[in-house]
Amino acid sequence: MNYPANTLYLIDGSSYIYRAYYAVRHLTNSKGEPTNAVYGFANMLLKIIRDEKPEHLAVVFDSKAPTFRKELYPEYKANRSAMPDDLVPQIPLIKELVAGFNIPCIEKDGFEADDIMATLAKQFSAEHYYVVVVTGDKDMMQIVSDKVSLLDTMKDKRSGLAEVAERFGGTPDKVIEVQALAGDSSDNVPGIPGIGEKTAVALIKEFGSVENLLANLDQVKGKRRENLENYGDLALISKKLVTLVDDVPLEGGEDYTLSEPDREVLTEFFKRLEFHKLLQEFSASERTSGENYHCVSTEDEFAQLLTTLKSAGRFAFDTETTSLDATQADLVGFSFAVEPGEAWYLPVGHSYLGMPDQLDRQMVIDRLRPLLEDPQLAKIGQNVKYD
């Protein structure tokens with residue numbers, strides 16, 4: 001989906017960390033240091049940058065400090081297990097990665113990432129920006145508006161006002177009311193026993209708010225009424241727990257314009273963590289960043305490339321692989337050029353979380369074969385014996 005240039009993307013960094021951790025398992029470097037969450041996070045971040053092409057971007061994290069919600073309800077998030085031991089040392093590395101991309105990292109003691117994103121969404125949408133919050137958290141549906149939407153990259157799902165109305169039966173402010181009744185097991189928000197999301201939606205459609213519902217319990221029957229009478233206070237506490245703060249005191253003045261990554265820093269970072277495929281992908285993107293450098297990802301683009309190579313009479317080529325050892329290498333892409341200043345990269349074997357579309361490798365090889373075997377077409381390469 002194409003958004004205007006004045007669109008701010010806010011990535012729920014804390015959510016991304018856990019998603020990355022569980023999406024990529026049992027990955028370490030040669031020193032035995034765990035790297036799976038960092039690797040997954042890097043690919044998810046690259047996917048956002050590549051697919052959405054944001055001009056304004058920030059990553060928001062939870063801080064370690066307790067929040068006001070814990071003081072209000074000590075059992076808040078008490079059901080969550082401790083962070084896995086092999087994830088703990090990866091958190092600083094993930095923040096180092098984000099810094100290498102020159103993307104601002106935002107966190108604030110006493111508040112959750114959700115509160116910060118709600119604050120920034122309110123602030124920037126009032127300044128004629130559009131805001132896309134990259135998250136899978138349903139709590140964020142309460143901040144959706146005509147200028148604020150959600151993007152869940154893991155499910156490839158976008159949520160706006162229509163999606164909020166479909167799930168919660170009304171406008172975004174009803175999300176708070178529904179969750180106050182239904183609770184949230186992931187955050188240990190109690191809600192009312194025996195009332196799930198569907199029942200909560202129906203009750204809020206009828207009564208409009210938790211307070212009005214509790215003031216009219218004579219219109220509710222059976223066990224549901226009994227539970228509301230006994231646990232009404234929990235619903236009011238739950239409402240405070242799920243309501244996002246949209247006035248977190250943050251340092252102002254930034255528009256979070258996305259600048260070029262620090263390629264030297266990231267190259268060393270990928271080398272240190274031994275992310276070989278990422279390093280190759282990053283190098284390829286650097287080589288194809290000019291306006292006359294093309295990434296070939298469709299059959300039409302491939303057909304045009306074949307015509308260009310054949311009509312040129314000669315071409316330079318190079319292979320992208322997973323190893324410098326030809327007996328161990330796996331082919332992941334081809335590079336071609338016919339004159340200075342213009343070249344093509346043809347990915348065929350990249351395999352990582354969030355990878356872009358690419359053509360079938362065997363099909364590409366079969367259609368390249370006549371050109372590569374044609375003695376009338378000169379081939380130019382560096383270390384061509386390896387290729």
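**Exercise 1. Helix H4**

Task: find the buried residues of helix H4 (residues 90–100), then list what covers them.

Solution. Step one: the buried residues of H4 are Gln90, Ile91, Leu93, Ile94, Leu97, Val98 and Gly100. Here "buried" means under 20% relative accessible area, while exposed is over 50% and partly exposed lies in between (1.4 Å probe, protein chains only). Helices (H or I, at least four residues) and strands (E, at least two) are DSSP runs, numbered from the N terminus.

A quick word on what you're looking at. This is a predicted model, where local features need pLDDT of at least 70 and side-chain atom pairs count only at pLDDT 80 or more, while totals for chains, interfaces and linings use all residues. Residues are numbered from 1 along each chain as its sequence is written, and side-chain values use heavy atoms, leaving out hydrogens and water.

Step two: the cover over those buried H4 residues includes H1, helix H2 (36–52), strand E2 (56–60), strand E3 (105–106) and helix H11 (263–273).

Step three: look past the end of the helix. H4 is followed by asparagine 102, which has a positive phi, near 60°.

**Exercise 2. Helix H7**

Task: work out how many of the ten residues of helix H7 (residues 173–182) are buried, and which helices are part of their cover.

Solution. Start with the count: seven of the ten are buried, so H7 is mostly covered. Now name them: Val175, Ile176, Glu177, Val178, Gln179, Ala180 and Leu181. Their cover includes helix H6 (161–168), helix H8 (197–207), helix H9 (210–214) and helix H10 (222–242). After H7 comes glycine 183, with a positive phi near 75°.

**Exercise 3. The nonpolar cores**

Task: say how many residues the largest nonpolar core has and which of them have the most contacts inside it.

Solution. First, the term: a nonpolar core is a set of buried Ala, Val, Leu, Ile, Met, Phe, Trp, Tyr and Cys residues joined through side-chain atoms within 4.5 Å. The largest one has 45 residues, and Leu10, Val133, Ile143, Leu181 and Leu228 have the most contacts inside it. Helix H5 (residues 113–126) gives the largest share of this core, seven residues. A second, separate core has 37 residues, among them Leu46, Phe61, Leu87 and Ile103.

Next, zoom in on leucine 228. Setting aside residues up to four places away in sequence, leucine 228 touches Leu181, Ile192, Ile195, Leu213, Leu214, Leu217 and Val220. A contact means heavy atoms within 4.5 Å.

**Exercise 4. Serine 14 and glutamine 362**

Task: is serine 14 buried or exposed? And where does glutamine 362 sit?

Solution. Serine 14 is in helix H1 (residues 13–23). Serine 14 counts as buried because its relative accessible area is 14%. Apart from neighbours within four places in sequence, serine 14 is in contact with Val60, Phe61 and Asp62.

Glutamine 362 sits in helix H14 (residues 361–373). With a relative accessible area of 44%, glutamine 362 is partly exposed. Valine 348 is 14 residues away from glutamine 362 along the chain, and their C-alpha atoms are 8.6 Å apart.

**Exercise 5. Two loop residues**

Task: where are lysine 77 and tyrosine 256, and what is phi for lysine 77 and for tyrosine 256?

Solution. Lysine 77 is in the loop between helix H3 (68–72) and H4. Lysine 77 isn't a glycine, yet its phi is positive, near 60°. At 22% relative accessible area, lysine 77 is partly exposed.

Tyrosine 256 belongs to the loop between H10 and H11. Its phi is positive too, near 55°. Tyrosine 256 is buried, with a relative accessible area of 6%.

**Exercise 6. The whole protein**

Task: how many disulfides does a search of the whole structure find, and how many helices and strands are there?

Solution. A disulfide is a covalent bond between the sulfur atoms of two cysteines. The cut-off here is a pair of cysteine sulfur atoms within 2.5 Å. The search turns up zero. Cysteine 105 is partly exposed at 36% relative accessible area, and cysteine 295 is partly exposed at 44%.

As for the fold, the protein has 14 helices and eleven strands. Of its 387 residues, 44% count as buried. The C-alpha atoms fill a box of roughly 90 × 45 × 40 Å along the principal axes.
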